[in-house]
Amino acid sequence: LNTIAVLSESVFKTVLGRNAFVDKSLFIKYIVNELSDANVLIIAPIGFGKTANLEMVKRFFEIVVDEHEKNIEYIKENGKLNKNMGKVCNFCKDYYLDICEENDIRYEHCGQYPVIHVDMDLTGGGTQLGILGKLRKAIHKTFQGHLYLLNRQILWLSETKRDADKFDKEIFLKYCDIQKYPTLNKHEIRDGLYFLSQVLYKYYGRNIIILIDNFDSYLSSAIFESCFEIEKTILFIKKTVHKLIDSSFVHRSLIFGDTRLSRIMVNKGVKSVALFEDEKLSDYFGLTQNDVNTLMLRSNVSTNLISIKKHFYGFKILNYDKKIYCSNSITSFVENEKKNKAYNGYKEYDPVRDLDEFFKRYKINEKIRRLLTGQNLELSTKRISNLKHILMLRDIFKYPSHFPDISSNIDLFFHLLCEYGYLNIIRKAKTHVEVTIPNAEIGFHLYWKLHTPSFYRKMYNINDGEEINLFGKALNHLNASRKSFEDILKCIKNVFNYNVKVPKDNGELKEIFHHAIHYYSDLKILDDGRFSGNNNKTQDLVIVRPDNVVIIFVPVLSPVTAFEALSRAARNQFCQHLQRNVHVGTTYKSDVFLLGLCLSADHCAGISYLINSLETNKAINLTCY
């Protein structure tokens, strides 16, 4: 099951209607049989199906109220589902998923509990007043799901007869009324959900199941929106939640958070289970290889399974030989394939802001570059675990260009990337953990966050001015004439003028040209050397223009010469198609240019080129001092 961008009461039904649906309903069996604790916190990053799973759980366990605000009568006096109903209980009648084959669980639990489902999305609250406003709205929305209780006169006090076992209807109405709920004070906010649990227990005579989604969203606000009074707000949320889940009216509670930070907001009695540390849980969140194989066959998507695995596979379960996919990535990809639309990748739900600003910091930049070449990164075992770390992260994100480059800050930042799924912990030792980029999709995303125009301004003093624009235009107009190659060389010389810092290695030089081509031309880069999950040793840039002209471009730093760079271009894998002008199944009837560039430390530039030939002894050499 997959979470979707817009959260609503119809998430589960929406997911069921998608082409890219995977049945994860046996999660309900896991809850009943494996999670014996009364209160459980489940931690998984954004995009692994938490919201849809939680709504599925709600629809399975809840006592259903029909359109006439009446309970659907399949509860017998003994409190068990009528076995004579077979497979037509409300849940199975509507959905009929794998869990419907588990008769013992279905007869015992389906439709047997009042359910309180709270979406605690507090992002954007900012100040404590803003957070209180968000909490009011969340509580109001929860009460709105139980408006049918207002018509149950047995619950409410009357003007003529006072009864200690009944409730004040006006209090309930205050939480429901769209005009009144914004006036709820702090005590009414804290006590609201507990009050609702009392009313439900009184009406049904049954203990309640509590489901809480987006539990740690406030902590994201605290870090990324520079909130103040964080300690007071965390304490208030903690008291509000625990007054509800610790109630004697509650059968069990299931709380979903995005990160381990959510552990800060619960008491020690709440059991926490993290997706990337629990092999059993990984069967129900994200997608396994078998899930993806089945999904591709059923969806009739033409994309090769090997390509999909190479791009999306890689989230490792710590201490287990098992990896999973991000369900949001796969299902969004399949949906877009079916509609012939481009998939925008991880940026569709980018949870951490200002990454490009942090990537300008030298020590962070250096570590990200290592990760992008497929290397692992070692971090201290001290992970984000307390309020002090939250406050440190808040200050870091408030002033991303000013925080001290000390190892504890750097490690804290990278641990945060692990929490939000940008990085994956693959190995844990006593003194350190090893992390890596889980797959090519996230690698691409981080690559483009690293290589922005502002990054090149800061790192190399390359401005978004006329020179770099002219380089893009010169590539667009490159032809068989010597003058067009001279124009390319002049543009390169102007880009790398004496104000520009010369890159320290060939990899950085290639990245600069990749940046220039990507941002300042309409050219398509076929072999662009972005993150591949293994290595990035190739120096080649293979460019295809709209007129099907192919440019194989190899930039290097001295002492490697332009002629040697050209020889590398001639050995490029795409050159095997040169003689018949065919590349990856596409016929090119235009020119193929091989171009080697050398840049020296004193800003001298030289190029060596060939046109429609692999014979390097016929190369033409140009130099610009």
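Helix 16 and helix 17 are roughly perpendicular to each other, a label given to angles of 65 to 115 degrees. This is a predicted model, in which local features need pLDDT of at least 70, side-chain atom pairs count only at pLDDT 80 or more, and totals for chains, interfaces and linings use all residues. Residues are numbered from 1 along each chain as its sequence is written, and side-chain values use heavy atoms, without hydrogens and water.

Begin by selecting residues 387-398 (helix 16) and 407-419 (helix 17), whose axes come within 11 Å and cross at roughly 95°. Helices here are DSSP runs of H or I with at least four residues, and strands are E runs of at least two. On helix 16, display His-389, Met-392, Leu-393, Ile-396 and Phe-397, which meet Asn-409, Leu-412, Phe-413 and Leu-416 of helix 17; contact means heavy atoms within 4.5 Å.

Next, select Phe-414, whose contacts include Ile-364, Leu-377 and Leu-423. Phe-414 is also among the residues touching the most other members of the largest nonpolar core, which has 130 residues. Such a core joins buried Ala, Val, Leu, Ile, Met, Phe, Trp, Tyr and Cys residues through side-chain atoms within 4.5 Å.

Then move to strand 17, residues 605-611, where six of the seven residues are buried (under 20% relative accessible area with a 1.4 Å probe, protein chains only). Strand 17 pairs in the antiparallel sense with strand 16, residues 592-599, over seven bridges; pairing requires at least two DSSP bridges. Select Phe-593 to find its bridge partner, Ile-611. On strand 18, Leu-622 stands opposite Ile-607.

Definitions and conventions
Buried < 20%, exposed > 50% of the residue type's maximum accessible area, 1.4 Å probe, protein only. Axes fitted to C-alpha atoms, helices over the stretch in contact; angles between N-to-C directions. Parallel < 35°, antiparallel > 145°, perpendicular 65-115°, else oblique. Lists of a residue's contacts leave out its neighbours within four places in sequence.
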